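Thanks, everyone. Please have a look at it first.

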Amino acid sequence: MSAPVDSLRAAATRARPAAFSARLGALLADLMLAALLLQLIAPPAYVASGGRAQLLNAPFGKWRCEALSGDAAPMQRALGPQICRRTLFGHPFASAATEGAGAQKRAAGPIDAAGRPVAPLDLGWLLAPLFVAARLWFEAFGMRSPGRALFAQRLVAETGGSAGAGMLLRRYAALIGPFLLASWLAAAAIRFAPRLEAAASGAAALAMLLVYGAASLAVLRGRAPFHDRAGGARVVSTRA
């Protein structure tokens with residue numbers, strides 16, 4: 001008599017697959033935390049690289065501009081070339097030269113910390129690797145990322161129990177692989193032919209949209225996305 005009762009109890013308490021909305025919420029929460037961490041990393045990286053590494057699209061920061069020559073007349077200082085630096089708590093993480101003022105103000109191009117023209121390394125490309133590294137760190141030690149904890153989720157092995165290190169590495173390698181490949185191909189194309197920047201960036205964005213859109217569709221249909229299958233893991237809800 002106890003065996004059927006135990007089986008019913010186990011079925012009632014078995015972790016359920018996480019819903020798409022919860023997985024999306026956890027993803028966005030962890031991405032926001034990764035973006036904030038990247039924002040904090042950007043100023044030291046800018047200083048250490050002499051302004052060659054910059055965070056070009058940051059959620060926070062204030063632009064401060066100054067004339068190239070402090071001895072020029074007031075009108076010339078207002079309309080002439082200026083060095084603009086974007087700072088977080090007074091620490092720069094991006095810089096550019098501008099010309100003109102008001103509606104006539106226009107960008108003259110990015111510059112390094114010394115004011116020389118530069119093709120900066122955009123630290124924004126580190127957002128996805130940083131997001132994956134943060135989740136991998138939490139889950140490798142048997143913890144949940146803040147996003148997963150907030151939305152009552154846990155990553156477990158497909159056969160039950162905790163996900164092992166090899167399982168986590170396979171899962172996250174599959175998750176970030178398409179992003180890294182598309183980004184590398186776009187960067188190589190732009191380096192080879194700068195005029196193809198718009199086309200290469202658009203093609204990379206379309207490829208990532210198709211890959212990760214298919215993964216989202218799989219979750220919506222109650223199936224395991226490609227990176228869960230690659231790792232032999234699944235995301236479950238911990239709500240009763």
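Searching the whole structure gives 6 salt bridges, where a salt bridge is a side-chain nitrogen of Lys or Arg within 4 Å of a carboxyl oxygen of Asp or Glu. Before the details, the ground rules: this is a predicted model, local features need pLDDT of at least 70, side-chain atom pairs count only at pLDDT 80 or more, and totals for chains, interfaces and linings use all residues. Residues are numbered from 1 along each chain as its sequence is written, and side-chain values use heavy atoms, with hydrogens and water left out.

One of the bridges joins Asp30 to Arg135, with the closest N and O atoms 2.8 Å apart. Asp30 sits in helix H2 (residues 20-48) and Arg135 in helix H4, so this pair ties together parts that are 105 residues apart in sequence. Helices here are DSSP runs of H or I with at least four residues, strands are runs of E with at least two, and both are numbered from the N terminus. Asp30 and Arg135 are both buried; buried means under 20% relative accessible area, exposed over 50%, and partly exposed in between, with a 1.4 Å probe and protein chains only.

Next, Glu66 and Arg85 form a salt bridge at 3.5 Å, N to O. Glu66 belongs to strand S3 (residues 62-67) and Arg85 to strand S4 (residues 82-88), so the bridge links parts 19 residues apart in sequence. Glu66 has 45% relative accessibility and therefore counts as partly exposed.

Then there is Arg116 with Asp112, where the closest N and O atoms are 3.1 Å apart. Asp112 counts as buried, because its relative accessibility is 4%.

Now the core. How many residues are in the largest nonpolar core? There are 21, and those with the most contacts inside it are Val132, Leu155 and Tyr172. By nonpolar core I mean a set of buried Ala, Val, Leu, Ile, Met, Phe, Trp, Tyr and Cys residues joined through side-chain atoms within 4.5 Å. H4 (127-140), S8 (153-157), H6 (165-192), H7 (197-220) and S9 (233-237) each supply at least two of its residues. H6 gives the largest share, 8 residues. A second, separate core has 9 residues, including Leu38 and Phe93.

For the overall picture, the protein has 8 helices and 9 strands, and 33% of its 240 residues count as buried.
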